[in-house]
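Colleague: I'm new to this one. Could you walk me through it?

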Amino acid sequence: MSRKYSIGIDIGSTASKVCILGLGEKPVYQVLPTGWNSKITAGIIKDHLEETIGDLSNAGIVATGYGRISVNYADKVVTEITCHGRGGYSLIGRDCSIVDVGGQDTKFINVKNGKPVDFLMNDKCAAGTGKFIEVMANRLGLTIEELFEEAQKGEAIPISSICTVFAESEVINYMGEGKSKEDLAAGVIDSVAQKVVTLMQRKELYDTVIITGGLSSNEYFAELLSRKLHATVIPQHDGRYAGALGAAIIAREKIQ
């Protein structure tokens, strides 16, 4: 029996995203914090979906992300690399290189003809990820949005440590020296951008480079990457949903 809806669920370490195909011409997205327990989050998502589309037997469901195995009502689980590649390609509509700055890791993916053909992930360290940005924003008494606003006003102070704990110590030392909040914020964001660029430079870039994940729509971060890479990096308004979108596309193709 053909199913009316195709659903992708991306349980990330920080945020969980849902994409529903079949409610209209465009994908319908939902997002909520993952919280401390991805099983509880998966249950909340299930309740939301039943309120939105009714009986889930009328949908094909693919789960991806950090907590994908917690979605026990999914028909299939698929890796983040595959789903981000499929979703990113769908957003831009052509072969591309994708950089996904997630909560716990950063991924680089080359996509050709809609499918990932090569990828890299950062080392097992939070530096260069969303968690690093969150920690530094908290240290400076700022929200993440405020951190980026301050960064655009300042001159980047070098933060050389590759470990989040040591980098935080560097920031604390700078604070003790009376460095401005704007310069510290600029140094934090520049440090993240440099770590992302170092990862990306290990592979050949396609002509089109896009951002997915939590920083996908941040134009300042895209401009910073562009300058460091000497290439145009394109922000994506719906880039944070790329994993969920890719999972929904796979659900539509493989399950129906």
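Modeller: Start with D100, which stands opposite T212 in strand 9. This is a predicted model: local features need pLDDT of at least 70, side-chain atom pairs count only at pLDDT 80 or more, and totals for chains, interfaces and linings use all residues. Residues are numbered from 1 along each chain as its sequence is written, and side-chain values use heavy atoms, without hydrogens and water.

Colleague: How do strand 6 and strand 9 pair, and over how many bridges?

Modeller: Strand 6 (residues 96-101) runs parallel to strand 9, over five bridges. Two strands pair if DSSP finds at least two bridges between them; strands themselves are DSSP runs (E, at least two residues), numbered from the N terminus.

Colleague: And strand 10?

Modeller: Strand 9 (residues 209-213) pairs with strand 10 in the parallel sense too, over two bridges. There V209 stands opposite V233.

Colleague: What order do the strands of the sheet have?

Modeller: The order is 8-7-6-9-10, in an open sheet of five strands with mixed pairing. Strand 8 (115-121) and strand 10 (233-234) are the edges, each pairing on one side only.

Colleague: Change of topic. Where is D55 found?

Modeller: In the loop between helix 1 (38-53) and strand 4 (59-64). D55 counts as exposed because its relative accessibility is 54%.

Definitions and conventions: Helices (H or I, at least four residues) and strands (E, at least two) are DSSP runs, numbered from the N terminus. Buried means under 20% relative accessible area, exposed over 50%, partly exposed in between (1.4 Å probe, protein chains only).
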